[in-house]
Structures are given as structure tokens and as C-alpha cells.
Amino acid sequence: ADNDADGAAAAYETLLAQLPAEDPLRPEVLYWLGRARAEQGRPDEAVEALREAAGDPRVRARARAFHEALRLGQRAVAALPLS
């Protein structure tokens, strides 16, 4: 998945479609899907996956930390006005 966010997101989405809702691997896959979607430039969909992943205590801290990093990145100043 390194350097191929589109391929990674597609693989994670395929895996999630095959995993039962109660599978203990599901939150981990959702976390990585969120990261891949963020890399694709799809922050809203990344946040959706991270929020779902954060429902599991094993992934919660990482999912929340990455979600917060995304939020802060979106609020960062991209350019200063010239006067």
C-alpha cells in the first residue's frame, strides 16, 4: 500500500465488504482505510472510517489521534493575504 493510496483504499474497501461486522480485524482495517482516504484527499470519508474505527478500544487512541491531526491540518493556514 506504500505510495498507492488508491490501491490501498480499494483493497481495504474490498476486505471490509467481506468481513463480518463482528470480526475483530474490522476496526483495524477501518483505521487504515481512513488513512488511505486521507492520503487520497478525501477527508470527509477518512473521518467517517476513523470514527467507526474509534468505536473499538484497541484502535480508539490511534483513530482519534489521526482524526485530530486531519482536523488540525484542515484548519492550517494555506496562504497569508498580501497587503
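The entries go from the whole chain to single residues.

**Ground rules.** I am working with a predicted model, in which local features need pLDDT of at least 70, side-chain atom pairs count only at pLDDT 80 or more, and totals for chains, interfaces and linings use all residues. Residues are numbered from 1 along each chain as its sequence is written, and side-chain values use heavy atoms, with hydrogens and water left out.

**Overall fold.** I found 4 helices and 0 strands in the protein chain; helices (H or I, at least four residues) and strands (E, at least two) are DSSP runs, numbered from the N terminus. I noted the C-alpha trace as spanning about 55 × 25 × 20 Å along its principal axes. Of the 83 residues in the protein chain, 33% are buried; buried means under 20% relative accessible area, exposed over 50%, partly exposed in between (1.4 Å probe, protein chains only).

**Core.** I looked up the largest nonpolar core, which has 21 residues; Tyr31, Ala63 and Leu70 touch the most other members. Such a core is a set of buried Ala, Val, Leu, Ile, Met, Phe, Trp, Tyr and Cys residues joined through side-chain atoms within 4.5 Å. Two or more residues each come from α1 (5-18), α2, α3 and α4. The largest share, 6 residues, is from α2.

**Helix α4.** I checked the length of α4 (residues 60-75): its 16 residues reach 23 Å from first C-alpha to last, close to the 22 Å expected at 1.5 Å a residue. That expected span is 1.5 Å times one less than the number of residues. Ala63, Phe66 and Leu70 are buried in α4. They cover an arc of only 70° around the axis, so they sit on the same side of α4; the arc is that of the directions from the helix axis to the C-beta atoms. An α-helix has 3.6 residues a turn, so residues three or four places apart point the same way. The buried residues of α4 pack against α2 and α3 (43-53). On the face turned away from the buried side I found the exposed residues Ala61, Arg64 and Arg75.

**Leu70.** Not counting residues up to four places away in sequence, Leu70 touches Ala38, Ala46, Val47 and Leu50; contact means heavy atoms within 4.5 Å.

**Arg37.** I then went to helix α2 (residues 26-40), where Arg37 is found. Arg37 is buried, with a relative accessible area of 12%. A polar atom of its side chain lies 3.4 Å from the backbone oxygen of Glu45. Beyond residues up to four places away in sequence, Arg37 touches Glu13, Arg42, Glu45, Ala46 and Ala49.

How values were computed:
A polar contact is a pair of N or O atoms within 3.5 Å; within protein, one must be able to donate a hydrogen and the other to accept it, and residues adjacent in sequence count only if both atoms are side-chain atoms.
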